[in-house]
Amino acid sequence: MPRPNIIFIMSDDHAAHAISAYGSRVNHTPHLDRIADEGARMDAVFCTNSICSPSRASVLTGTYSHVNGVSSIWTELDYRVPTFIDALHDRGYRTGMFGKWHLGEHGVSRPRGFDAWKIFPGQGDYIDPEMIDENGSHTVTGYATNIVTDLALDWIDEDSDKPFVAMVHHKAPHRPWIPDEKHTHLYADGNIPEPETFFDDYATRSKAVQNVRMTLADDMGSEDLKQDVPEHLRGDEKRRERMSWKYQIYMRDYLQTVQSIDDNVGRVLDRLEEKGIADNTLVVYTSDQGFFLGDHGWFDKRLMFDQSLQMPMLIRWPAEIAPGSRCEAVITNVDFAATFLDIAGFDAAEVLPTSQGRSFRPLLRGEEVEDWPDAAYYRYWEHDDPIHGAPAHYGIRTKDHKLIYYYGAGLDVPGASREVYEPEWELYDLNADPTEVDNVAADPAYASIKAELETKLAQYQERYGDEPYRGPDTPRPEWGPYDEARLARVEEYVRRIRATS
Ligand SMILES: [Ca+2]
């Protein structure tokens, strides 16, 4: 069998609970469901830093933010950290990248290792977007999700004997949620079900979480809603009515943009059939992270609650994955690079030695892997996010529990734009409390579990070479691509990996 092709379709902010294969209560996604039916639905894939650029950098490099330097949307990918694309390109793969890049457009931050690429600057636009390629910047007429798919399919159609890897990165369903004209009739009846935790009162939560500025009630503004809040819904006493009103508009627009993704995924699947290459082409659908769809009264992401932490992941590869497979193993976006290399026939330890991830290919075949990690390590780095007010934190997520430490950063930011709180813990029992509304960090009944998880958290930080927060002098990854201290850190990391592997 020749080496498989890889089509990696990644959308932006598409939560698993807006995909019917994951049991969505709010929409129907027949083409995404087809991938799940004909392949695998991954049920515990988590991002390691829930925002756009960091997740993209982790996917490409197989490393955490503190290694690749992309800790926030304000940082660019360190060109010295190799990617799985570099590795595949060097070993005979044809490589293409289309759509949202969001890791810098200039100089060394541009897409590298790709035979062909065409990207949006920054976040990109939905309608008639500007796009950048090797010839410069120009406007492309049409709707972004269709355009990105067209570009990828045209490139796949080019004559070549080589296997290919196509990165198909959609703008949707990221803000500002502008649908394709043909989907504007969908979900417009105002009856989209509200989530169970919609009116969460945050009673047991940390102050840091109680005060994030991601609420539908007070933080979703007229720019997102494309209209002003009517006079009769303003004021504290109208909070609940206002939330419900905003929710219907928000979700209608969000789900309409998702429908275009679903249609376009269907086009990709159909084209593979037509070309007769479906059997040996790995098709992956995922999103750079999840999103709060009114859950806990929020929109946006960043926090470690499951709606934001979980990445949907559907994978079809008829050559190896049985139809209707399900996988509950804890996997992170740092594992993707090693997995794709493995599927292409290469060992990440040899061809991408900086990778911190591990191939989950055996899990896709339904095999048990005895020593597969039972937890995901997470870190959100923005010490002073002026818009969303989300606190920096790190934590660990196992199958049964989640421990989160909001370490009080922002105290180190002169003139911080948000309220800063002393360090706080949250602990959730995911079996007893699957909606994560009951923080039991201070409950004596959970003292031993908390102690075990704290130990595990420290072990994972050590394993991945991340440093616990020790106050304002603790190193941060935002050293910038040209900084010598960063170079030294990456080289030290590569030395350590090589010494232990
Ligand atoms: Ca995103």
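Modeller: Two strands count as paired if DSSP finds at least two bridges between them. The model is predicted, and the part I will take is strand β10, residues 313-316. Strand β2 (residues 40-42) is joined to β10 by 3 bridges, and the two run antiparallel. Within that pairing, Arg41 has Leu314 of β10 as its bridge partner. Strand β9 (residues 281-287) also runs antiparallel to β10, with 4 bridges between them. Here Val284 is bridged to Ile315 in β10.

In a regular strand, side chains alternate between the two faces of the sheet. In β10, Met313 and Ile315 lie on one side, with Leu314 and Arg316 on the other. These four residues are all buried, so both faces of β10 are covered.

Now the backbone. Most peptide bonds are trans, and most residues other than glycine have a negative phi. The loop between β8 (164-169) and α6 (207-210) holds Pro173, and the bond from Ala172 to Pro173 is cis, with omega near -5°. Pro176 is in the loop between β8 and α6 as well; a cis bond joins Arg175 to Pro176, with omega about 0°. Trp177, again in the loop between β8 and α6, has a positive phi of about 55° although it is not a glycine. Trp177 is buried, because its relative accessibility is 0% and the cut-off is under 20%.

Asp128 is in the loop between β5 (116-120) and β6 (130-133). Its phi is also positive, about 45°, and Asp128 is not a glycine. With a relative accessible area of 38%, Asp128 is partly exposed.

Key:
Residues are numbered from 1 along each chain as its sequence is written. This is a predicted model: local features need pLDDT of at least 70, side-chain atom pairs count only at pLDDT 80 or more; totals for chains, interfaces and linings use all residues. Side-chain values use heavy atoms; hydrogens and water are left out. Buried means under 20% relative accessible area, exposed over 50%, partly exposed in between (1.4 Å probe, protein chains only).
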